[in-house]
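Here is a short briefing on one protein model.

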Amino acid sequence: MNRSEIRIERCRDYEALTSVWLESVRATHDFLREEDIEFYRRKIPAEYMPQVEVYAVRNEEGELCAFIGLGEETVEMLFVCPAVMGRGYGSLLLEFAVMEKGARKVDVNEQNPRALGFYRRRGFTVTGRDSVDSEGKPYPVLHLELTGAKKKLLVVTTNNLLTLNLIP
């Protein structure tokens, strides 16, 4: 992935985004029961996505491969297709959320150590814990907040292409 050529776009294609969500959840949330995956799969496009600003990126083939949903100062959701995990799409979306949208908080399933590590490596620290998720299901949630000063971000737009460059 050439980060300078990735376009971050507002996205309301909830059906396609739910497919990305489902692929990602099946690869990273092995603690979820199948009936709960189905429960959330129905809620994602109908209830959760309409409540947040959703931004997405596409892979080299032009397919949606990752997205982030943002509330006020909060990353409400960040999911990446397993086929492109580790290639920087999630990092790019998180940088965009922090630098451009002021995101400072995120909740993570306690049973998802990969996600917890992802956010910790980017300066987030655990500030609290709930024993159940927002739906009252038995999936503990860790509350994280970004600590430390934000770095400056240079944003360049050319031909509808958004380029994000961190300035040290």
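The protein chain exposes about 9100 Å². Carbon and sulfur atoms supply 46% of that area. The model is predicted. Of the 168 residues in the protein chain, 46% count as buried.

**Fold**
- The protein chain has four helices and nine strands.
- In sequence order, these elements follow the pattern β-α-α-β-β-β-α-β-α-β-β-β-β.
- Take the contacts in the protein chain with a separation of 6 or more: residues 24 or more positions apart account for 60% of them.

**Nonpolar core**
- The largest nonpolar core holds 52 residues.
- Five of its residues touch the most other members: Leu17, Val57, Phe67, Val75 and Tyr119.
- Helix H3, which spans residues 89-101, gives the most to this core, with eight residues.
- What does leucine 17 contact once its neighbours within four places in sequence are left aside? The partners are Cys11, Met49, Val54, Ala56, Leu64 and Phe67.

**Aromatic pairs**
- Searching the whole structure gives seven aromatic pairs.
- One of them joins phenylalanine 118 and tyrosine 119, edge-to-face. The centres are 5.0 Å apart, with 85° between the planes.
- Tyrosine 119 also pairs with phenylalanine 124, again edge-to-face. Here the figures are 5.5 Å centre to centre and 75° between the planes.
- Are phenylalanine 118 and tyrosine 119 buried or exposed? Both are buried.
- Tyrosine 119 counts as buried because its relative accessible area is 5%, under the 20% cut-off.
- Phenylalanine 124 counts as buried because its relative accessible area is 2%, under that 20% cut-off.

**Aromatic cluster**
- Trp21, Phe67 and Phe79 form one aromatic cluster.

**Charges over rings**
- Which ring lies under the charged end of arginine 10? The charged end of arginine 10 sits over the ring of tyrosine 55, 5.3 Å from its centre.
- The charged end of lysine 137 sits over the ring of phenylalanine 39. The distance to the ring centre is 4.4 Å.

Technical notes:
Residues numbered from 1 in each chain as written. Predicted model: local features only at pLDDT ≥ 70, side-chain atom pairs only at ≥ 80, totals over all residues. Heavy atoms only, no water. Core = buried A, V, L, I, M, F, W, Y, C linked by side-chain atoms within 4.5 Å. Buried < 20%, exposed > 50% of the residue type's maximum accessible area, 1.4 Å probe, protein only. Helix = DSSP H or I, 4+ residues; strand = E, 2+ residues; numbered from the N terminus. Contact = heavy atoms within 4.5 Å. Phe/Tyr/Trp six-rings, centres within 6.5 Å; stacked < 30°, edge-to-face > 60°. Lys NZ or Arg CZ within 6 Å of the ring centre and 35° of its normal. Areas by Shrake-Rupley, 256 points an atom, 1.4 Å probe, with all protein chains shown as cover.
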